Amino acid sequence: MTTEYKPRLFARDDEIRMLGEGLLACALPRGAWTHEAHLGACLWLLTERPDVDIDAEIATIIRRFNESVGGVNDDHGGYHDSITRAYVAGVRLFLSETAETELAARVNALLLSDIGRRDWPLRFYSRELLFSIPARRAFVEPDLAPLPA
């Protein structure tokens with residue numbers, strides 16, 4: 001029997017802003033850095049922090065945060081470049097299609113959409129390629145379908 005994953009939704013915009021600011025300041029507790037937090041922070045960065053060049057800076061931001069909470073960024077854990085960049089592309093696509101204007105409503109709609117699913121990158125990548133060491137270390141092009149532009 002398969003259990004459908006239900007994401008934790010956000011009640012207020014400030015919850016998401018606190019996650020994003022905590023990520024940048026390396027001030028989040030390790031346990032707060034969930035799948036939902038990743039996507040909420042990404043959407044917040046893309047919509048409310050034009051001073052952050054997400055394409056150039058996201059790897060450094062997440063690696064620095066992981067290390068600040070005692071995590072590692074190596075071939076087996078921590079920052080995963082291809083997954084991160086797939087979700088950045090997905091969040092951009094979502095933002096181009098959503099009519100929601102409030103931050104929490106946008107993030108919640110994202111989390112409830114196909115793009116918000118934990119397995120969404122596997123629509124573009126085979127499991128073998130996505131979870132390979134080269135895909136963790138650096139962005140690799142998908143082998144099943146192109147990422148959304």
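## Leucine 9 and the segment before H1

Leaving out residues up to four places away in sequence, leucine 9 touches Asn108, Leu111 and Leu112. The model described here is predicted. Leucine 9 sits in the segment before H1. Its relative accessibility is 37%, so leucine 9 counts as partly exposed.

Leucine 129 is 120 residues from leucine 9 along the chain. The C-alpha atoms of the two are separated by 30 Å.

## Helix H1

H1 has 13 residues, which should span 18 Å at 1.5 Å a residue. The end C-alpha atoms are 18 Å apart, in agreement with that figure. The buried residues of H1 are Asp13, Glu15, Ile16, Leu19, Gly20, Gly22 and Leu23. The buried residues of H1 pack against H2, H3 and H5.

Just after H1 comes cysteine 26, with a positive phi of about 55°. Most residues other than glycine have a negative phi. Cysteine 26 belongs to the loop between H1 and H2. With a relative accessible area of 24%, cysteine 26 is partly exposed. The cut-off for buried is under 20%.

## H1 against H5

How do H1 and H5 lie, roughly parallel or roughly perpendicular? They pack at an angle of about 75°, so H1 and H5 are roughly perpendicular to each other. Their axes are 7 Å apart.

On the H1 side, the residues are Asp13, Ile16 and Arg17. They meet Leu103, Ala104 and Val107 in H5. By class, the contact of H1 with H5 has 4 nonpolar and 2 charged residues, and no polar ones.

## H1 against H2

H1 and H2 pack at an angle of about 90°, and their axes are 9 Å apart. This pair is therefore roughly perpendicular. H1 brings Ile16, Arg17, Leu19, Gly20, Glu21, Leu23 and Leu24 to the contact. H2 brings Ala37, Gly40, Ala41, Trp44, Leu45 and Glu48. The residues of this contact divide into 8 nonpolar, 2 polar and 3 charged.

Ile16 and Arg17 take part in the contact with H2. Ile16 and Arg17 also meet H5.

## Helix H2

H2 runs over residues 35–48 and has 14 residues. From first C-alpha to last, H2 reaches 20 Å, close to the 20 Å expected at 1.5 Å a residue.

Is H2 largely enclosed or largely open? Of its 14 residues, 10 are buried, so H2 is largely enclosed by the rest of the structure. The buried residues are His35, Glu36, Ala37, Leu39, Gly40, Ala41, Cys42, Leu43, Trp44 and Leu45. What covers them includes helices H1 (13–25), H3 (54–68), H4 (81–97) and H5 (103–112).

## Asparagine 66 in H3

Asparagine 66 is part of helix H3. Its relative accessibility is 10%, so asparagine 66 counts as buried. Which residues does asparagine 66 contact, leaving aside its neighbours within four places in sequence? They are Trp33, Gly71, Asn73, Gly78 and Tyr79.

## Histidine 76 in the loop between H3 and H4

Histidine 76 lies in the loop between H3 and H4. Its relative accessible area is 67%, which means histidine 76 is exposed. Leaving aside neighbours within four places in sequence, histidine 76 is in contact with Ile133 and Arg136.

Arginine 12 is 64 residues from histidine 76 along the chain. The C-alpha atoms of histidine 76 and arginine 12 are separated by 34 Å.

## Serine 82 in H4

Serine 82 is a residue of helix H4. Serine 82 is buried, with a relative accessible area of 0%.

Serine 82 is in contact with Tyr125, Leu130, Ala135, Ala138, Phe139 and Val140, leaving aside its neighbours within four places in sequence.

Methods:
Residues numbered from 1 in each chain as written. Predicted model: local features only at pLDDT ≥ 70, side-chain atom pairs only at ≥ 80, totals over all residues. Heavy atoms only, no water. Helix = DSSP H or I, 4+ residues; strand = E, 2+ residues; numbered from the N terminus. Expected span 1.5 Å × (residues − 1). Buried < 20%, exposed > 50% of the residue type's maximum accessible area, 1.4 Å probe, protein only. Contact = heavy atoms within 4.5 Å. Axes fitted to C-alpha atoms, helices over the stretch in contact; angles between N-to-C directions. Parallel < 35°, antiparallel > 145°, perpendicular 65-115°, else oblique. Nonpolar A, V, L, I, M, F, W, Y, C, P; charged D, E, K, R; others polar.
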